[in-house]
Amino acid sequence: METVCQVCMHHCRLKPGQLGICRARKNEDGKIRCENYGQVTSLNLDPIEKKPLHMFYPGSLILSVGSYGCNLRCPFCQNHEISMADKDGAESCCISPQELTERAQKYRPVGNIGVAFTYNEPLIGWEYVRDTAKLVHACGMKTVLVTNGSASLLVLEELLPCVDAMNIDLKGFGRAYYRRLGGDLDTVKAFIARAAKDCHVELTTLIVPGENDGLQEMEEEAEWIASVNRDIPLHLTRFFPRYRMMDREATDVRRIYELKETAERYLPYVYAGNC
């Protein structure tokens with residue numbers, strides 16, 4: 001029989017054996033199973049600023065892990081080789097929560113503070129995040145989530161007790177733009193507002209020429225963020241041609257700084273990225 005996945009706004013109705021839009025959740029015998037649990041495609045020790053997190057343990061390192069799949073379809077995705085792949089299309093190896101935690105501890109002497117779930121969309125495999133994060137916390141280390149925020153509040157509530165910081169992609173502030181990316185602005189706004197109550201949150205907006213680079217839109221975005229918490233850092237990053245948007249020019253650096261100036265009317269911590 002068909003089963004509805006409750007993880008995100010798509011609410012995929014899946015027949016037995018069918019994968020959801022994310023390519024990682026599957027109907028198995030009437031139950032939705034996380035098929036990418038523990039399947040790791042990328043593992044690197046990164047500076048925390050690369051997440052980007054500028055106000056959470058600056059100068060530290062964090063063991064960054066990714067799997068495959070995503071519930072959005074951004075045509076500019078820089079990790080499309082894994083985010084747009086399924087189990088058969090991604091090279092992965094199985095790393096258990098215990099093993100990942102042990103690897104994080106191994107790098108502690110060189111400045112590693114914990115584990116970051118990143119590269120693809122970690123919330124489509126939130127069970128692995130939860131199980132690992134509990135072990136990471138138990139050994140006194142931190143858990144970071146780099147996410148598009150396109151998930152239900154039920155998933156968020158499961159993770160908040162064991163996640164210390166998040167960088168959430170706020171793709172823009174237009175509902176039509178979000179729909180073109182396969183997402184929903186209201187879902188992300190609700191996710192950000194709830195996460196910011198109990199977690200360190202920083203936001204990133206990739207500025208794509210002709211899509212979300214209007215000064216009025218940025219003013220509306222910054223004003224809304226300030227209404228949630230004016231101390232939330234906002235990263236405005238420069239677009240470069242990627243994936244299915246090779247026909248666009250890179251974002252003009254001057255535009256990034258114009259948008260930064262606009263956002264700073266409402267927010268004290270606005271950073272220009274990739275400039």
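This is a predicted model: local features need pLDDT of at least 70, side-chain atom pairs count only at pLDDT 80 or more; totals for chains, interfaces and linings use all residues.
Residues are numbered from 1 along each chain as its sequence is written, and side-chain values use heavy atoms, with hydrogens and water left out.

Me: Within what arc do the buried residues of α2 fall, seen down its axis?
Reply: Helices are DSSP runs of H or I with at least four residues, and strands are runs of E with at least two, numbered from the N terminus. Buried means under 20% relative accessible area, exposed over 50% and partly exposed in between, with a 1.4 Å probe and protein chains only. In α2 (residues 97–106) the buried residues are Pro-97, Leu-100, Thr-101 and Ala-104. They line one face of the helix, because the arc, taken from the directions from the helix axis to the C-beta atoms, is one of 100°.

Me: Is Pro-52 buried or exposed, and at what relative accessible area?
Reply: Pro-52 lies in the loop between β6 and β7, and, leaving aside neighbours within four places in sequence, is in contact (heavy atoms within 4.5 Å) with Asn-167, Glu-202, Thr-204 and His-235. Pro-52 counts as buried, its relative accessible area being 15%.

Me: How far apart in space are Pro-241 and Gln-78, C-alpha to C-alpha?
Reply: Pro-241 sits in the loop between β13 (234–238) and α8 (253–263) and is partly exposed, at 22% relative accessibility. Although 163 residues separate Pro-241 and Gln-78 in sequence, their C-alpha to C-alpha distance is 9.1 Å.
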